[in-house]
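This report describes one protein chain, going from a single side chain to the whole fold. Please keep the sequence and the model in view while reading.

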Amino acid sequence: MEQPRPVSAVGSGGSGGIIWSSTGGGWRAMAADSAYAQVFSRIGILGVAGSDDDGAASATAKSTIDTVATTSGSSWFSAQFFFSQAYHDAVVGGTPSSLGEFTRKWLPPDAAP
């Protein structure tokens with residue numbers, strides 16, 4: 001029986017990159033993916049944005065995630081994360097506590113617990 005490969009060994013073209021796949025679940029999926037993204041950023045698999053001597057943004061580390069696949073609530077997350085700078089910055093640049101507070105403010109009133 002073949003042994004399962006670790007996630008880091010799976011990637012496009014054998015590059016060793018990571019595939020991040022998340023499913024639905026509405027607001028719960030969106031909130032969970034935000035937390036995952038924050039952790040992924042902290043451990044360095046999302047890459048790290050830095051700045052050069054002039055303060056201009058520059059990439060200091062490349063993401064090791066090759067592919068992102070989402071459905072339903074996770075797609076709500078990915079749409080915001082990849083296309084809203086404010087959302088991305090709050091997720092990646094925050095703390096677990098600030099992420100919780102940001103998420104409560106971001107959710108519509110009828111979705112918050």
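Phenylalanine 82 lies in helix H2, residues 73-83; helices (H or I, at least four residues) and strands (E, at least two) are DSSP runs, numbered from the N terminus. Phenylalanine 82 counts as partly exposed because its relative accessibility is 43%; buried means under 20% relative accessible area, exposed over 50%, and partly exposed in between (1.4 Å probe, protein chains only).

Together with Val68 and Phe83, Phe82 makes a nonpolar surface patch of about 340 Å². Patches are made of residues with over 30% relative accessible area and no salt bridge, where like charges are joined within 9 Å and nonpolar side chains (Val, Leu, Ile, Met, Phe, Trp, Tyr) within 5 Å. A salt bridge is a side-chain nitrogen of Lys or Arg within 4 Å of a carboxyl oxygen of Asp or Glu.

## Basis of the model

The model is predicted: local features need pLDDT of at least 70 and side-chain atom pairs count only at pLDDT 80 or more, while totals for chains, interfaces and linings use all residues. Residues are numbered from 1 along each chain as its sequence is written, and side-chain values use heavy atoms, with hydrogens and water left out.

## The nonpolar core

The largest nonpolar core has 15 residues; such a core is a set of buried Ala, Val, Leu, Ile, Met, Phe, Trp, Tyr and Cys residues joined through side-chain atoms within 4.5 Å. Those with the most contacts inside this core are Trp20, Ala37, Leu46, Ile65, Phe77, Phe81 and Tyr87. Two or more residues each come from strand S1 (18-22), helix H1 (27-43), H2, helix H3 (85-93) and helix H4 (96-106).

Leaving aside residues up to four places away in sequence, Phe77 touches Trp20, Met30, Asp33, Ser34, Ala37 and Tyr87. Contact means heavy atoms within 4.5 Å.

## Helix H1

The buried residues of H1 include Met30, Asp33, Ser34 and Ala37. The buried residues of this helix pack against S1, strand S4 (65-70), H2, H3 and H4. After H1 comes glycine 44, with a positive phi near 90 degrees.

## Serine 72

Serine 72 sits in the loop between S4 and H2. Its phi is positive, about 50 degrees, although the residue is not a glycine. Serine 72 is partly exposed because its relative accessible area is 45%.

## The whole chain

The chain has four helices and four strands, in the order β-α-β-β-β-α-α-α along the sequence. Of its 113 residues, 27% count as buried.

Methods
Areas by Shrake-Rupley, 256 points an atom, 1.4 Å probe, with all protein chains shown as cover.
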